Amino acid sequence: MPIIYVSLRKGTPVAYRKAIAQGIQRAMISTLRIPDDDYFQVTHELEPENMIYDRNFFGVARGDNAVFVQLFFNHRPADLKKALFAAIADNLVRDPGLKREDIFMSIVETAFENWWAQGRAVNPETGTDSRMRS
Amino acid sequence: MPIIYVSLRKGTPVAYRKAIAQGIQRAMISTLRIPDDDYFQVTHELEPENMIYDRNFFGVARGDNAVFVQLFFNHRPADLKKALFAAIADNLVRDPGLKREDIFMSIVETAFENWWAQGRAVNPETGTDSRMRS
Amino acid sequence: MPIIYVSLRKGTPVAYRKAIAQGIQRAMISTLRIPDDDYFQVTHELEPENMIYDRNFFGVARGDNAVFVQLFFNHRPADLKKALFAAIADNLVRDPGLKREDIFMSIVETAFENWWAQGRAVNPETGTDSRMRS
């Protein structure tokens with residue numbers, strides 16, 4: 001039961017934002033192996049001046065259409081998080097066609113008991129979603 | 001000194017959003033025993049397409065008026081967080097009358113020294129708000 | 001590669017919001033010694049009723065123009081975070097002239113591997129930005 005925030009510039013089509021959401025979610029499913037319906041995202045559309053970043057971060061030219069992705073979920077091993085970043089970037093470059101250098105991602109990890117939804121069952125041994133594939 | 005983000009669909013009355021804010025805060029006070037004035041919330045009103053979740057999460061029918069609640073505060077024991085989730089859900093079902101299945105909550109915990117406000121005093125032994133009831 | 005969220009009341013000039021962003025960033029650079037271009041912020045402009053706080057928190061009169069600053073970055077020692085809070089508050093009081101009592105700040109720390117941008121190089125020993133000054 002992750003929660004993901006996407007921040008981007010105001011004025012993009014619904015289909016564009018949907019492609020971003022789905023690209024992130026597909027990467028979450030394939031990499032972290034979460035259930036398909038474990039899909040929680042909020043997209044913030046911002047005025048240009050309210051989304052601030054250096055256009056030359058690390059000496060790489062960045063465009064005006066950056067997308068910030070912040071993911072909150074339970075603790076995962078470093079290699080899995082690395083694979084997730086790569087899968088999200090690949091998906092978003094493919095659709096909606098983001099430039100790889102305009103994607104910025106970060107993760108915040110929490111304790112497994114920090115999630116609540118009515119009807120959500122947890123594995124009594126691991127505390128995580130009872131449907132998680134191992 | 002928590003900070004809480006509430007995300008919901010654009011177009012609800014002020015009184016509705018206020019009931020949500022107060023329901024969460026009352027649960028924080030009764031469960032975590034924080035002072036009454038330790039009340040910091042931001043409500044994000046979103047276009048329907050910018051708030052994404054599966055309408056059948058865990059096989060339970062979810063409506064269009066989901067509310068995501070994300071709470072940031074110092075580390076707490078698991079049983080206290082569980083009680084907090086239950087108290088918030090109960091309060092929001094009562095007023096403004098949310099369906100329990102449309103409430104989704106998560107917590108992010110921080111170190112106790114990660115908070116700042118002018119005039120805030122901390123207990124030198126615990127590092128937490130000096131007025132916290134034990 | 002931090003990410004910082006600023007929440008404030010809708011209706012302030014661009015220059016006002018820019019002064020806040022730059023004041024925070026200058027404090028990040030001087031205190032945490034991050035590179036100048038390591039600058040990632042999102043500003044949320046909110047309706048008054050969507051930004052909730054007690055006007056008498058800790059017995060100090062708070063105004064209507066509070067600014068919530070939430071900073072996400074890698075773990076830092078407590079004394080460094082304390083210095084950062086002080087530097088941000090000093091900068092924002094100077095420009096754009098915020099009242100010190102209207103500034104509220106919090107930090108969320110993450111593992112060092114929780115960040116991704118194309119072209120970002122990390123120090124193989126520390127896992128942090130390869131350009132970080134010691």
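**Fold, sheet and chain packing in the predicted model**

Read from one end of the sequence to the other, chain A goes β-α-β-β-β-α-β-β. That makes two helices and six strands for chain A, where helices (H or I, at least four residues) and strands (E, at least two) are DSSP runs numbered from the N terminus. Chain A has a radius of gyration of 16 Å, close to the 14 Å that the globule rule gives for 134 residues, so it is as compact as a globular protein of that length; the radius is taken over C-alpha atoms, and the rule is 2.2 Å times the number of residues to the power 0.38. The C-alpha trace of chain A spans about 45 × 30 × 25 Å along its principal axes.

A word on bookkeeping: this is a predicted model, with local features needing pLDDT of at least 70, side-chain atom pairs counting only at pLDDT 80 or more, and totals for chains, interfaces and linings using all residues. Residues are numbered from 1 along each chain as its sequence is written, while chains are lettered from A and ligands numbered from 1 in the order in which they are written.

The copies use different surfaces, with 3% of the contact residues of chain B recurring in chain A; a contact here is two residues whose C-beta atoms, placed from the backbone, lie within 7 Å.

At the interface, 29 residues of chain B touch 24 residues of chain A. On the chain B side, strand 2 (40-46), strand 3 (51-53), strand 4 (67-74), helix 2 and strand 5 (103-110) each give two or more residues. Strand 5 of chain B has the largest share, seven residues. By class, this side of chain B has 15 nonpolar, seven polar and seven charged residues (Ala, Val, Leu, Ile, Met, Phe, Trp, Tyr, Cys and Pro count as nonpolar, Asp, Glu, Lys and Arg as charged, and the others, Gly among them, as polar). Strand 5 of chain B also pairs with strand 6 (residues 115-117) of chain A, antiparallel and over three bridges; pairing requires that DSSP finds at least two bridges between two strands. Within that pairing, Met105(B) is the bridge partner of Trp116(A).

Six strands line up as an open, mixed sheet in the order 3(A)-2(C)-1(C)-4(C)-5(C)-6(B), with strand 3 of chain A and strand 6 of chain B as the edge strands. Strand 4 and strand 5 of chain C run parallel, joined by eight bridges, and Phe73(C) stands opposite Glu109(C) in strand 5 of chain C. Helix 2 (residues 78-94) of chain C lies across strand 6 of chain B together with strand 4 and strand 5 of chain C, at about 145 degrees to strand 5 of chain C; axes are lines fitted to C-alpha atoms, for helices over the stretch in contact, and angles run from 0 to 180 degrees between N-to-C directions.
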